[in-house]
Amino acid sequence: MKRTTLSLIAAATALAAVTGFAALAAPDGTKKVDLSLPLGLPVERTTLLCPAPSTSEVAETDYTSFTPPSKGNAVPDAGGKSDADKPADKAELLPSTVALVQTDPKKAADAAKKPAPGKPTVTLTKPGTPVTAEANGPAAPALFGTATGALAPGWTTQQTTVVPAGGARGLLGVTCTPPDTDVWFPAASTAKERQDYVHLTNPDDTAAVADIELYGPGGKLKSVLTDGISVPARSSVPVLLSTLTAEPPTADVTVHVTTRTGRVGAVVRAADDKVGSDWLPASADASPTAVLPGIPADATGVRLVAYAPGDDDAELKVRFVGASGTIVPAGGESLTVKSGMTAALDLPNLTRGEAGALLITPADPKRQTPVVAALRVVRGKPGKQELGFVQATAPVTARGTVADNRATGSTLSLTAPGETAQVKVTASAGSGGGASVTKTVTVKAGTTTSFVPPVPSGLKGGYALTVEHVSGGPVHAARLLALPKDGVPMFTIQTIGDDRGTVDVPTARQDLSVLDD
């Protein structure tokens with residue numbers, strides 16, 4: 001009897017999924033692929049969502065989309081797929097519809113306002129070279145899209161908006177987010193001088209239903225909504241936080257977004273009457289220890305906001321990790337966060353001329369209480385100030401990328417809160433031309449290294465920066481983009497998380513040699 005030769009990778013993956021053990025050998029026994037360690041296979045599909053940029057008539061928005069080049073996997077045909085079965089190389093962002101806040105799904109779908117039909121707003125065609133697009137004025141919609149094939153691993157898009165005047169003036173930057181079902185936003189506000197909107201964008205073909213909970217210093221704020229907020233298919237809903245509660249204005253609020261059905265991309269647009277506006281991204285998952293990187297050296301105001309989602313109070317130790325080492329801020333060495341409540345701590349004169357990161361850890365190592373956290377950062381002097389936000393972020397374990405860097409204006413911050421680490425920083429080719437440049441950086445234990453990143457030789461247009469972990473301890477990264485205008489130090493900070501461009505196949509031991517009888 002003749003046995004049909006099976007795809008070795010497909011068989012190993014299937015067996016590993018069931019048993020956790022597999023190994024591969026060629027039919028003649030001459031080649032063997034060792035699967036005793038997990039295989040990092042490139043992801044084949046990535047979804048991103050970008051919020052509606054602004055309601056200002058004078059807003060100018062740039063999009064930069066990029067996928068870093070990948071070496072690929074050592075096994076050439078991952079999963080044993082034929083060329084016809086593999087997803088095509090495609091990455092594009094499309095305009096969503098705009099919907100008003102509704103709790104009834106049918107009314108929400110009927111009320112959705114359709115944008116001009118059409119073509120992709122941003123289309124990426126190959127890894128290694130970014131593409132850019134523009135959208136001006138208040139009509140620019142939220143975007144949703146998917147990258148497949150070789151464009152999926154590490155796909156990122158940066159949305160950068162300049163609003164030169166008005167109540168929402170500022171430089172607003174955000175890394176477009178993947179959809180999720182449970183996210184936290186410390187450092188939001190319902191104060192009278194703030195206009196904070198949470199933007200919910202649904203990438204799917206069916207409606208999603210989301211709940212928004214607000215937590216202040218005294219605990220949960222009573223909501224005026226009795227039902228969830230319906231987000232129609234492929235639509236975006238902006239929700240003004242102050243309309244969700246009848247309680248008095250609250251300066252420091254933590255926002256919790258969850259979904260009953262479906263998934264949404266969520267991000268908060270914060271606008272302050274005195275110090276401008278920017279996007280507030282979601283905090284990293286709740287953890288007893290948090291690192292908030294990218295605090296600029298010339299910050300004139302830093303405020304830490306934290307929330308404890310569990311049943312226990314958190315007693316936190318606060319430290320600043322700068323160029324010269326890790327120190328305890330004067331007057332800001334600790335913070336108590338009661339369970340279910342938001343707590344805040346002003347950190348005046350924190351940086352003393354050094355860029356750095358905030359490190360928060362349990363005051364008592366035996367009490368590991370998880371928290372979510374974010375920073376409100378202000379630069380400039382009264383009358384000429386600008387705000388930005390830094391959220392707690394996970395380290396770059398393999399690779400992370402931030403797009404939309406210019407010939408000038410970018411500063412890269414790398415923090416090693418534990419052991420000394422080495423990373424590789426790559427400046428991509430420019431969107432209009434230029435050659436990629438790579439630099440290796442060593443970050444000493446307990447310090448932050450902040451520097452002007454490499455610029456592609458012969459740069460034309462914008463470019464992307466990719467940070468790859470080489471060796472040593474964890475590294476947390478952030479990019480500051482500064483575009484000063486009329487004496488206002490406009491800036492925005494994007495933390496750089498791991499791009500999760502690969503997925504591990506379970507470990508394997510059993511030999512799957514295919515025999516001919």
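A disulfide is taken here as a pair of cysteine sulfur atoms within 2.5 Å. The model is predicted, so local features need pLDDT of at least 70 and side-chain atom pairs count only at pLDDT 80 or more, while totals for chains, interfaces and linings use all residues. Residues are numbered from 1 along each chain as its sequence is written, and side-chain values use heavy atoms, with hydrogens and water left out.

**View A. The disulfide between C50 and C176**. The structure holds 1 disulfide, in which C50 is joined to C176 with an S to S distance of 2.0 Å. The torsion about the S-S bond is about 110°, so this disulfide is right-handed. Because C50 belongs to strand β4 (residues 45-50) and C176 to the loop between β12 and β13 (182-188), the pair ties together parts that are 126 residues apart in sequence; strands (E, at least two residues) are DSSP runs numbered from the N terminus. C50 is buried, with a relative accessible area of 0%, and C176 is buried as well, at 4%, where buried means under 20% relative accessible area, exposed over 50% and partly exposed in between (1.4 Å probe, protein chains only).

**View B. An open sheet of 4 strands**. The strand order is β9-β5-β11-β12, with antiparallel pairing, two strands being paired if DSSP finds at least two bridges between them. The edge strands, each pairing on one side only, are β9 (131-136) and β12 (170-175). From one strand to the next the twist averages 15°. Within the sheet, β5 (residues 60-66) and β11 (residues 156-163) pair in the antiparallel sense over 7 bridges, and E60 stands opposite V162 in β11.

**View C. The largest nonpolar core, with the surroundings of I212**. This core, a set of buried Ala, Val, Leu, Ile, Met, Phe, Trp, Tyr and Cys residues joined through side-chain atoms within 4.5 Å, has 32 residues, and those with the most contacts inside it are L200, I212, V255 and V257. When neighbours within four places in sequence are left aside, I212 is in contact (heavy atoms within 4.5 Å) with V198, L200, I229, V239, L244, V255, H256 and V257. A second, separate core of 31 residues includes A308, L358, A373 and V390.

**View D. D285 in the loop between β21 and β22**. The loop that holds D285 runs between β21 (276-280) and β22 (290-295), and D285 counts as exposed at 68% relative accessibility. Residues up to four places away in sequence not being counted, D285 touches V371 and V372. The C-alpha atoms of D285 and T393 are separated by 8.4 Å, although these residues are 108 residues apart along the chain.

Notes:
Axes fitted to C-alpha atoms, helices over the stretch in contact; angles between N-to-C directions.
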